[in-house]
2 protein chains.
Amino acid sequence: MPVTNRQIRLARRPVGPVRPEDWARTEEPVAAPEEGWFLGRTRYLSLDPAMRGWLDDRPSYLPPVGLGEVMRAGSIVEVVESAHPGYRVGEFVSGTFGVQEYVRSDGRGTHRVDPALAPLPTHLGALGMHGMTAYFGLLEVGALKEGETVAVSGAAGAVGSLVGQIAKLKGCRVVGIAGGPAKCAWLTGELGFDAAVDYQNEDVRRALRTHAPDGIDVYFDNVGGPVLDAALTRLAMHARVVVCGAISQYNNEQAVQGPANYLSLLVRRARMEGFVVFDHAARYREAAREIAGWIADGRLTAREHVVKGGVDDFPETFQMLFRGANTGKLVLELT
Amino acid sequence: MPVTNRQIRLARRPVGPVRPEDWARTEEPVAAPEEGWFLGRTRYLSLDPAMRGWLDDRPSYLPPVGLGEVMRAGSIVEVVESAHPGYRVGEFVSGTFGVQEYVRSDGRGTHRVDPALAPLPTHLGALGMHGMTAYFGLLEVGALKEGETVAVSGAAGAVGSLVGQIAKLKGCRVVGIAGGPAKCAWLTGELGFDAAVDYQNEDVRRALRTHAPDGIDVYFDNVGGPVLDAALTRLAMHARVVVCGAISQYNNEQAVQGPANYLSLLVRRARMEGFVVFDHAARYREAAREIAGWIADGRLTAREHVVKGGVDDFPETFQMLFRGANTGKLVLELT
């Protein structure tokens with residue numbers, strides 16, 4: 001059965017926001033898998049702000065996506081044909097399979113996901129890279145201690161919503177920063193955050209003074225820009241600023257806006273630290289087990305924002321991230 | 001003996017560089033010290049970039065100098081009259097006595113200095129706050145390890161010149177960043193740095209690539225601005241950026257220029273950490289003993305840039321710091 005595989009490739013390096021012309025849709029036949037390989041059909045694609053960084057031609061924690069290459073993306077595929085000893089037809093596999101309908105894989109860098117443990121999209125969110133990022137960023141890099149005050153930006157996003165909930169589970173006061181009243185209501189309602197700051201309609205600096213009167217012990221930053229600068233003015237002594245991302249800056253055509261208030265690190269004897277989740281791979285299993293337990297107990301809400309469509313819908317769906325149009329983990333379900 | 005005390009007071013809060021009109025010179029009589037106090041005559045005044053920050057009316061690690069107050073400054077005074085049980089006439093005392101010719105003190109926050117151990121100005125530099133800043137900033141905050149590569153900005157200044165030398169003593173490769181060929185020659189000559197980068201005449205980023213080909217493990221920053229941004233592009237994995245100061249930004253009339261390349265902290269899994277030397281006061285004695293030993297052995301050069309004059313020369317001498325006109329610790333000797 002030769003199948004036609006539709007793919008989204010990087011056609012041109014974007015300058016500023018990604019434009020439709022920066023992508024190309026291609027089709028090619030997929031042959032049956034050879035010995036030791038399997039063929040997977042993509043069911044769910046993970047969409048993530050960090051993917052914007054992979055499009056720029058500069059050194060980073062991963063090499064840039066090459067021009068003409070299939071766009072790199074995490075996904076969950078269903079095994080439709082297998083000559084691989086570890087995977088059987090009908091099983092679900094997670095890996096960095098790219099924005100395409102089918103993938104042939106020898107299984108390296110993949111793992112089986114159990115749909116009985118949680119719905120498939122959750123394996124791309126709370127039980128996937130986003131859960132790992134929130135867990136290790138907050139607990140290891142942020143060195144969170146019970147009773148501390150945590151602030152998190154991008155708080156209604158895939159990582160931020162988990163960061164705040166994990167901090168609550170660890171006995172901390174949590175202030176989320178998000179865009180718009182609906183997201184803020186979700187944070188303080190269903191997710192149980194202590195307070196939410198609507199950066200679109202509030203003075204973030206003043207609101208943080210109100211909601212974190214003793215200062216912020218751990219600030220988990222997903223956005224950069226003016227929100228980071230506001231948070232830097234409210235650090236407690238010996239605070240930790242966890243640099244996870246800077247979505248407000250990824251589409252800049254000019255230089256990134258650096259944090260003008262970084263000297264508060266000196267005044268507050270604080271540190272700002274970056275991390276890449278891959279470094280914690282040896283402990284993924286342990287973290288996923290703990291997160292899965294919280295979900296099963298109803299103590300942690302894993303929310304995915306699922307858009308249904310085809311690979312052709314990838315470009316437009318990806319842009320939702322930069323408009324703040326998603327709440328929770330953004331996933332494209334290929335139907 | 002009523003003496004006339006000349007003082008330099010803060011007359012106006014400077015906007016941008018400090019202007020002569022921002023200071024006022026006053027005179028007042030000084031009475032004899034009462035029981036438990038001593039009268040000191042200022043011999044050496046410490047001039048330090050951090051003093052610029054004390055002039056701004058904003059919260060920091062110390063309260064701002066009040067309008068009309070004698071300018072805060074560290075100094076060494078000679079006891080000229082004493083009703084204090086711990087200090088005798090003729091002894092030398094270090095403290096934050098301010099920019100004035102005489103001071104009455106009850107001894108709190110002061111300590112005796114031994115002119116036999118090192119020349120008096122050295123007690124304001126390598127054996128004073130600057131030595132402590134270099135020592136604890138590099139070894140504690142920077143968590144320096146033998147064999148690492150260290151870069152330091154403001155490398156020919158009071159703190160930077162000590163940072164580089166201590167790093168050499170700890171078995172590290174050291175690259176100093178300073179302004180002008182004379183300073184750079186001093187760094188690689190007398191001080192034994194492995195390399196020096198002249199930020200006035202070289203592309204700092206490119207020079208760091210040459211002199212720290214495997215990246216910078218500890219970057220000790222005294223200057224901020226474009227030099228900090230250049231160093232951020234050259235961090236090694238798990239690097240530590242020690243935020244000690246930002247002299248390039250202290251006279252800004254607009255906002256501080258934040259480090260646009262701060263996301264390299266993420267890519268390099270690095271941290272940027274601030275500190276205030278006072279937090280290490282419990283270990284000053286231990287550090288001063290080690291530094292004094294290095295000086296005595298000829299393994300560490302303590303250089304002071306001594307300007308002779310009166311308190312009236314303070315305003316102009318202070319500005320030398322921001323022109324990069326000093327090499328080593330800037331001291332005003334009252335003659």
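**View 1. Polar contacts between domain 1 and domain 2 of chain A in the predicted model.** Five residue pairs, both members at pLDDT 80 or more, are in polar contact between domain 1 of chain A and domain 2 of chain A, where a polar contact is a pair of N or O atoms within 3.5 Å, one of which, within protein, must be able to donate a hydrogen and the other to accept it, residues adjacent in sequence counting only if both atoms are side-chain atoms. Helix 1 (50-53) and helix 10 (314-323) of chain A each supply at least two residues of the side of domain 1 that touches domain 2 of chain A; helices (H or I, at least four residues) and strands (E, at least two) are DSSP runs numbered from the N terminus. By class, that side of domain 1 of chain A has ten nonpolar, seven polar and five charged residues, with Ala, Val, Leu, Ile, Met, Phe, Trp, Tyr, Cys and Pro counted as nonpolar, Asp, Glu, Lys and Arg as charged, and the others, Gly among them, as polar. The count of salt bridges between domain 1 and domain 2 of chain A is zero, a salt bridge being a side-chain nitrogen of Lys or Arg within 4 Å of a carboxyl oxygen of Asp or Glu.

**View 2. Arrangement of the two domains of chain A.** Domain 1 comprises 3-125 + 303-334 and domain 2 comprises 129-278 of chain A, the bounds coming from an automatic or database domain assignment. Their centres, taken over C-alpha atoms, are separated by 28 Å, and 22 residues of domain 1 of chain A are in contact (heavy atoms within 4.5 Å) with 15 residues of domain 2 of chain A. About 1,500 Å² is buried between domain 1 and domain 2 of chain A, 61% of it from carbon and sulfur atoms; buried area is the accessible area (1.4 Å probe) that two parts lose on being put together, summed over both.

**View 3. The salt bridge between Arg283(A) and Glu140(A).** The closest N and O atoms of Arg283(A) and Glu140(A) are 3.1 Å apart. This pair links distant parts of the chain, 143 residues apart, with Arg283(A) in the loop between strand 13 (271-274) and helix 9 (284-296) of chain A and Glu140(A) in helix 3 (residues 129-141) of chain A.

**View 4. The interface between chain B and chain A.** In this view, 28 residues of chain B are in contact with 28 residues of chain A, and the area buried between the two chains is about 2,500 Å², of which carbon and sulfur atoms give 68%. Two salt bridges are counted between chain B and chain A; Arg269(A) forms a salt bridge with Asp279(B), the closest N and O atoms being 2.6 Å apart. Helix 8 (264-267) and strand 13 (271-274) of chain B each supply at least two residues of the side that touches chain A, and strand 13 of chain B gives the largest share, four residues.

**Notes to the views.** Residues are numbered from 1 along each chain as its sequence is written, and chains are lettered from A and ligands numbered from 1 in the order in which they are written. In this predicted model local features need pLDDT of at least 70 and side-chain atom pairs count only at pLDDT 80 or more, while totals for chains, interfaces and linings use all residues, and side-chain values use heavy atoms, with hydrogens and water left out.
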